[in-house]
Amino acid sequence: VAVGTGTDIPVSKFSDRGLVITEDQIILPTGEILTYTGTMQAKGTAYTHTDAGCDRITATGIVCVTVLYLLAAGVFLLWGEQLLGIYIKDSREAIEWGMLKLTMIGTTSFIYGITDVYSGVLRGMGKAATSMTISVIGICGVRVLWLNTVFRIPKYHTMQSIYMVFILSWIITLAIQLVVYRVVTRRMFKKWSDEALASATA
């Protein structure tokens, strides 16, 4: 139950902040709202047992998702206009905005993949509630705060500003996860060391 709840709540929250961003996009100029296109997302989740090598599993997950995301970004940047042209037939401007999103989000989305790795590792280490809290605050909280503060400033009321908050929220979330991961692993290793010492002297 603890692991399932820690997984489901962030997913539902991601849906909520998606609605918030979509609502703000609607009030942008018509030429810009036409450019909102989907970006491929891949999940990179590492499952960690308390007896496994946490750092090794985490590093493997990070390498895998980084390579996958960057390869996907390369494909989309090379053939982005052709792919967008499948859906957009009558607007060169929309394709240009679509390419902007692919450039900004596509080339940095590997950061999101890495946050998924750490989220999965923390859940595997029995810290599902902690992982959930970080996701809700780092991803959802940052975006809602941005949309209700910075995005309200006319200078930053742009599509680029919306794309930028995605990147910013990933970086902030990853930074928090790195700190929490180090704290949790040190405590776990100390616990294992103490248990091994106690068993040896028993």
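Guide: Contact means that heavy atoms lie within 4.5 Å. This is a predicted model, in which local features need pLDDT of at least 70 and side-chain atom pairs count only at pLDDT 80 or more, while totals for chains, interfaces and linings use all residues. Residues are numbered from 1 along each chain as its sequence is written, and side-chain values use heavy atoms, with hydrogens and water left out.

Visitor: Which residues is serine 131 in contact with, leaving aside its neighbours within four places in sequence?

Guide: With those neighbours set aside, serine 131 is in contact with Ser119, Leu122 and Arg123. Serine 131 is placed in helix H6, where helices (H or I, at least four residues) and strands (E, at least two) are DSSP runs numbered from the N terminus.

Visitor: Is serine 131 buried or exposed?

Guide: Buried means under 20% relative accessible area, exposed over 50%, and partly exposed in between (1.4 Å probe, protein chains only). Serine 131 has 1% relative accessibility and therefore counts as buried. Across the protein chain, buried residues make up 42% of the 202 residues.

Visitor: How many helices and strands does the protein chain have?

Guide: The protein chain has 7 helices and 0 strands.

Visitor: How should I read an aromatic pair?

Guide: A pair of aromatic rings is described by the distance of the centres and the angle of the planes. Rings of Phe, Tyr and Trp (its six-membered ring) pair if their centres lie within 6.5 Å, with planes under 30 degrees apart counted as stacked, over 60 as edge-to-face and the rest as tilted. The whole structure holds 3 aromatic pairs. In one of them, the ring centres of tyrosine 118 and tyrosine 181 are 5.2 Å apart and the planes stand at 75°, so this pair is edge-to-face. It links distant parts of the chain, since tyrosine 118 is in helix H5 (residues 110-124) and tyrosine 181 in helix H7 (residues 159-201), 63 residues apart. Both tyrosine 118 and tyrosine 181 are buried.

Visitor: What is found in the largest nonpolar core?

Guide: In soluble globular proteins, nonpolar side chains tend to be buried together. A nonpolar core is a set of buried Ala, Val, Leu, Ile, Met, Phe, Trp, Tyr and Cys residues joined through side-chain atoms within 4.5 Å. The largest one here has 31 residues, and those touching the most other members include Ile105, Phe166 and Trp170. H7 gives the most to this core, with 12 residues.
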